[in-house]
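Here are a few exercises on aromatic rings and the groups around them. Have a go at each one before reading its solution.

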Amino acid sequence: MSSQPPKTLSPRQLLLVGIIALIAAGGIAANGLIGRARNTQDLVQWTKAQAIPTVALAKLASGDAEQKLILPGNLQPYSKATIYARVNGYLKSWNKDIGASVKTGEVLASIEAPDLDQQLAQARATLASAKANYDIAAVTAERTSTLVQKQVTSQRIGDQTAADAEAKKAIMDASAAYVGQLEAMQSFKQITAPFDGVVTARNTDIGALINSGSAGQPLFEVADLHRVRIYVQVPQAFTADLRPGLKATFEMPQYPGQKFDATLVTTSNAVNETSRSMLVELQADNPDGKLFGGTCCRVDFQIPGDPNMVRMPATALMPVNRGVQVAVVGDGNRRGESWPLPAGSGD
């Protein structure tokens with residue numbers, strides 16, 4: 001196997017290769033210089049453009065006929081009563097459970113009160129004894145008066161018998177009043193509804209120990225839901241426009257997309273020092289029974305607006321040392337003079 005020596009380029013070929021390499025390197029260097037110069041020119045143009053101040057224009061809008069004010073509200077029944085017992089005893093029976101509709105005077109439950117029954121029996125016996133004593137004293141006084149008129153006995157004895165009859169009558173009247181009191185207490189053994197409504201709570205059961213008065217446990221709660229009250233805390237800035245008769249709508253989470261009408265009835269005429277808000281009351285009809293006490297809602301007030309009011313975005317305001325100003329566009333689309341805004345203005 002024979003080996004051949006490598007071919008070598010002639011001087012002329014070497015010169016041609018060198019010239020080609022030099023031309024390629026020069027082209028690459030020239031392209032880099034041209035690109036750098038172009039980038040420098042673009043940067044200079046961008047810098048000059050940024051040096052020119054530009055602003056975004058905002059359109060002014062006149063005030064609406066109504067202002068939108070959306071606040072959370074709390075629904076309460078038109079009337080609500082927590083019912084306690086007036087006598088001590090044990091629950092004998094209950095007739096109405098939660099959710100039941102009741103009428104005024106309808107019996108909700110009955111209480112067994114043996115102590116009260118014994119007191120009434122004793123009071124009636126005492127009254128009978130007092131009445132018998134009075135009857136005897138009255139007959140004695142009448143007979144003595146006849147004897148005095150006939151001068152058979154002295155006037156002093158006649159006066160004593162008359163006074164004794166009056167004293168016995170007073171004792172009888174006191175006993176009768178006590179019996180009447182206990183009979184009135186007997187009527188409280190029947191727990192009745194104070195008004196037409198719905199039973200919203202029952203906190204007792206058969207055989208439960210009943211203690212009278214507010215010291216005991218409430219037995220029932222009855223709510224009148226034919227109409228509801230809506231309480232809202234309104235910020236102080238909007239209280240000047242609140243008047244009875246102002247219309248509003250409200251929405252509830254359980255009825256998405258459905259709006260209910262309400263009317264402002266009264267205000268507290270006092271601002272809470274902590275929240276700087278005023279409590280207002282609205283009322284709404286509830287013919288379908290969809291509204292319940294204790295629920296929350298979103299109230300949309302329809303407050304009359306000021307037609308002379310001008311609305312602008314907050315980004316157009318410029319805070320200065322003495323308040324807030326608004327820059328306006330003058331001739332030639334250049335910035336003109338600034339208008340100061342009065343304190344408390346802005347939207």
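A charge sits over a ring if NZ of Lys or CZ of Arg is within 6 Å of the ring centre and within 35 degrees of the ring normal. This is a predicted model, so local features need pLDDT of at least 70, side-chain atom pairs count only at pLDDT 80 or more, and totals for chains, interfaces and linings use all residues. Residues are numbered from 1 along each chain as its sequence is written, and side-chain values use heavy atoms, with hydrogens and water left out.

**Exercise 1.** Find which ring Arg202 lies over.

Solution. Go to Trp94: Arg202 is over its face, 4.0 Å from the ring centre. Then try Phe188, where Arg86 lies over the face at 4.5 Å from the ring centre.

**Exercise 2.** Work out how many aromatic pairs the structure holds, and classify them.

Solution. Step one: count two aromatic pairs (Phe, Tyr or Trp rings, six-membered for Trp, with centres within 6.5 Å; planes under 30 degrees apart are stacked, over 60 edge-to-face, the rest tilted).

Step two: Phe250 and Phe260 are stacked, at 5.4 Å centre to centre with 25° between the planes. Phe250 belongs to strand E10 (residues 247-252) and Phe260 to strand E11 (residues 255-271), 10 residues apart; strands here are DSSP runs of E, at least two residues, numbered from the N terminus.

Step three: Tyr255 and Phe260 come out edge-to-face, at 5.9 Å and 65°.

Terms used:
Helices (H or I, at least four residues) and strands (E, at least two) are DSSP runs, numbered from the N terminus.
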